[in-house]
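Look at the aromatic rings in this predicted model. Which rings pair up, and which ones have a charge above them?

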Amino acid sequence: MAYDGQTFGNRVDTLTQRKLYAKVVDNILNSATLGSKLMSNGEEFAGKTMDYTIKVTNSQAGQFIAGSETLNSAASDTTVTMSYAQTAFTQPIVLPLTEAMANSGSFGVINLQAFKKDEAAAEARNRIGLAIYGTGSSNQPLGLGALVDDGTSVASLGGLTRATYPQINSTVTASGGTISLSKLATLFDAVSAAGIESEEPTLGATTKVVWSLVEQLLFPSVRSNYDVLVPVRGATGQMVSREALKGVAGFTALSYRGVPIIKDDAATSGVFFLLNENYLKWHGRTMVPKEYEGHIEKISLGTADTQEGVSAAPYETYGFFFQPEQMVINQGSLIGRIWVFGQMCTAQPRRHGKLTGITAI
């Protein structure tokens with residue numbers, strides 16, 4: 001094994017143990033910030049599908065009257081159902097017998113079995129975090145590419161076609177290459193109901209590049225905002241100081257109109273999202289089927305014991321299960337699995353929006 005620094009001869013190499021750091025430092029995975037937040041604040045997925053009854057038209061039944069004329073008594077049909085089914089993901093945990101033998105005992109500084117389990121959980125979290133920006137293709141859960149769209153990229157949502165029901169469209173605005181405070185304001189107003197706090201955006205999400213552009217727009221007022229963090233878990237739209245966070249995991253944020261804006265390595269290039277978390281949920285399974293009791297178990301992911309870096313970012317999750325390792329009959333290996341069952345859902349897509357094609361200010 002090559003190393004930097006002084007080169008030692010046999011007088012040292014053959015007489016001296018090396019010092020192995022007791023954790024694996026992740027140099028591969030990056031931060032899936034929005035995925036961490038949404039999954040940490042997820043909700044249970046129950047039943048065959050998660051269904052939402054939404055209103056898509058006005059009954060037009062009300063009337064102004066002059067006196068004793070005949071009144072409108074017609075029944076109205078104003079609702080339809082948005083329906084979301086689960087998706088499934090699995091990450092294997094493979095432990096060859098020969099490697100376990102070599103790693104066993106006091107010289108196995110980092111336990112191989114524990115590391116492979118931590119590694120599988122981290123990679124599973126990261127894959128879901130990446131998918132949360134996608135379109136739901138290739139058996140993936142729905143992402144912002146589908147949930148925040150106007151039919152340009154994804155023609156249907158929740159079993160409804162956007163051409164038939166334009167009420168389920170989000171606001172999608174081409175930025176023309178630049179981002180400005182006026183464009184942010186226009187997008188914010190477009191996805192809001194005037195004067196109703198619950199119907200305004202609660203979170204902005206974008207790439208590091210676009211986040212830095214927004215930072216330039218907000219300068220110099222942003223100078224007093226560098227201490228603001230968004231907790232991984234917590235109330236919708238919540239921002240706290242570093243001191244108030246008291247060691248709990250959080251993300252660096254900017255603030256625009258009181259809404260936190262986070263940066264995400266998984267975010268779509270050149271796109272700035274404004275989201276209303278009241279209408280954007282990760283729903284994950286929480287119950288082990290009776291037939292599978294003893295074969296899989298629900299897990300809550302926390303800080304990894306064998307890893308450091310973003311892969312070890314702690315948060316509780318909905319939808320994650322662990323299948324303990326078992327010996328393969330015709331192989332010298334133990335194989336286990338991380339399973340993820342869930343779906344991203346929105347009941348009111350019009351409360352989300354995005355600016356696309358951003359490259360400069």
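## Charges over rings

Start with Lys263. This residue lies over the face of Trp211, 4.1 Å from the ring centre.

Now find Phe322. The charged end of Lys117 sits over the ring of Phe322, at 3.9 Å from its centre.

## Pairs of rings

A pair of aromatic rings is described by two things: the distance of the centres and the angle of the planes. How many aromatic pairs does a search of the whole structure find? There are six.

One of them joins Tyr52 and Tyr84. Their centres are 6.0 Å apart, and the angle between the planes is 80°. The pair is edge-to-face. Tyr52 belongs to strand β3 (residues 49-55), while Tyr84 belongs to strand β4 (residues 79-85). The two residues are 32 residues apart, so the pair links distant parts of the chain. Tyr84 is buried, because its relative accessible area of 2% is under the 20% cut-off.

Next, turn to Phe321 and Phe341. Their ring centres lie 6.0 Å apart and their planes meet at 70°, so this pair is edge-to-face too. Phe321 is in strand β18 (residues 320-327), and Phe341 is in strand β19 (residues 333-345). The pair therefore ties together parts that are 20 residues apart in sequence.

Key: Residues numbered from 1 in each chain as written. Predicted model: local features only at pLDDT ≥ 70, side-chain atom pairs only at ≥ 80, totals over all residues. Heavy atoms only, no water. Phe/Tyr/Trp six-rings, centres within 6.5 Å; stacked < 30°, edge-to-face > 60°. Helix = DSSP H or I, 4+ residues; strand = E, 2+ residues; numbered from the N terminus. Buried < 20%, exposed > 50% of the residue type's maximum accessible area, 1.4 Å probe, protein only. Lys NZ or Arg CZ within 6 Å of the ring centre and 35° of its normal.
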